[in-house]
Each structure stands twice: as C-alpha cells, then as structure tokens.
Amino acid sequence: MKYLKLIPTLLLAFLFLFGGLNFFFEFVPTPPLSGNQAVFFNLMVPTGFMAVVKSLEIIGAILLLIPSKRALSLLVLTPIAINIVVLEFLVLGGLGAGPVLIILIGIIAYQEFDKFKALL
C-alpha cells in the first residue's frame with residue numbers, strides 16, 4: 001500500500017521532468033504550430049519566459065521526489081499546471097494532459113493534507 005501512494009507522485013514528477021527537459025534538449029520534436037499557437041509561442045520563447053517556466057518544472061519535479069519537500073513542490077507546480085489547462089483550453093482549442101496534471105496534483109495534495117492545514 002505504501003508503494004501505491006507513490007504512483008501519482010512518480011507519474012507527476014515524470015511528466016513535469018520530461019516536459020521541462022524536452023524543452024531544453026528536444027528528445028521529442030515539437031509539431032509545427034499555426035495560428036494562435038504560433039503567435040503565443042513566438043511571444044513566449046524568445047523572451048526567455050518559457051525557459052523560466054520549464055526550469056521551474058524541472059525544479060518542482062525534483063522536489064516532488066523528495067518526501068519532505070513534496071508540499072513545496074506542489075506550491076511550485078500547481079500554478080504551472082493551471083496555466084497549462086488554461087493554455088490548452090483557450091489557445092490550443094482542446095484539452096490534453098492538463099486535466100491529468102490537475103488530478104494528480106489533487107491526489108498528492110490530499111496525501112500531504114497535514115502540511116497544508118496551516119494555510120487553511
């Protein structure tokens with residue numbers, strides 16, 4: 001049962017770590033963008049904004065793997081996941097992995113509820 005609780009944590013850490021590292025090293029090529037997608041990413045990438053976000057994704061994923069820092073990593077990764085959902089819905093025109101990220105964050109937040117009691 002103890003290892004079953006780790007599945008959402010490992011899956012979320014993998015998704016954010018892969019997404020962040022893929023931005024810098026491009027293991028999987030990015031499909032060509034058009035329309036609003038191209039406009040959005042042509043604004044974000046040259047300014048360095050995406051590099052900052054992807055760096056925070058990598059840092060958050062690493063912190064997620066450290067049990068004592070899991071709540072801190074959720075504070076870093078939750079706004080990024082919310083922005084991913086908003087981006088998918090408004091700019092890309094459909095939902096992708098964003099809702100999965102939000103669900104995994106919710107599961108981990110529930111598991112780490114004691115650490116968040118002081119915020120409520």
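Leaving out neighbours within four places in sequence, Leu12 is in contact with Leu64, Leu74, Leu101, Leu104, Ile105 and Ile108. This is a predicted model.

**The core around Leu12**

Leu12 belongs to the largest nonpolar core, a set of 16 residues. Four of these touch the most other members: Leu12, Phe16, Leu64 and Leu74. Which helices each supply at least two residues of this core? They are α1, α3, α4 and α5. The largest share, 5 residues, comes from α4. In soluble globular proteins, nonpolar side chains tend to be buried together.

| Helix | Residues |
|---|---|
| α1 | 6-25 |
| α3 | 49-64 |
| α4 | 70-90 |
| α5 | 98-111 |

**How α4 meets α5**

The axes of α4 and α5 come within 9 Å. They cross at roughly 155°. Angles over 145 degrees count as roughly antiparallel, and α4 and α5 are therefore roughly antiparallel to each other. The crossing of α4 past α5 is left-handed.

Which residues make the contact? On the α4 side they are Arg70, Leu74, Leu77, Thr78, Ala81, Ile82, Ile84, Val85 and Glu88. On the α5 side they are Gly98, Pro99, Leu101, Ile102, Ile105, Ile108 and Ala109. By class, this contact has 12 nonpolar, 2 polar and 2 charged residues.

**Arg70**

Arg70 lies in helix α4. Is Arg70 buried or exposed? Its relative accessibility is 10%, so Arg70 counts as buried, the limit being under 20%. Apart from neighbours within four places in sequence, Arg70 is in contact with Leu6, Thr9, Leu63, Leu64, Leu65, Ile108 and Glu112.

**The whole chain**

The protein chain has 6 helices and 0 strands. Along the sequence, its pattern reads α-α-α-α-α-α. Its C-alpha atoms fill a box of roughly 45 × 25 × 25 Å, taken along the principal axes. The chain has 120 residues, and 29% of them count as buried. Consider contacts between residues at least 6 apart in sequence: 62% of these join residues at least 24 apart.

Methods
Residues are numbered from 1 along each chain as its sequence is written. This is a predicted model: local features need pLDDT of at least 70, side-chain atom pairs count only at pLDDT 80 or more; totals for chains, interfaces and linings use all residues. Side-chain values use heavy atoms; hydrogens and water are left out. A nonpolar core is a set of buried Ala, Val, Leu, Ile, Met, Phe, Trp, Tyr and Cys residues joined through side-chain atoms within 4.5 Å. Buried means under 20% relative accessible area, exposed over 50%, partly exposed in between (1.4 Å probe, protein chains only). Helices (H or I, at least four residues) and strands (E, at least two) are DSSP runs, numbered from the N terminus. Contact means heavy atoms within 4.5 Å. Axes are lines fitted to C-alpha atoms, for helices over the stretch in contact, and angles run from 0 to 180 degrees between N-to-C directions. Angles under 35 degrees count as roughly parallel, over 145 as roughly antiparallel, 65 to 115 as roughly perpendicular and the rest as oblique. A crossing is left-handed if the near helix is turned anticlockwise from the far one by less than a right angle, and right-handed if clockwise. Ala, Val, Leu, Ile, Met, Phe, Trp, Tyr, Cys and Pro count as nonpolar, Asp, Glu, Lys and Arg as charged, and the others, Gly among them, as polar.
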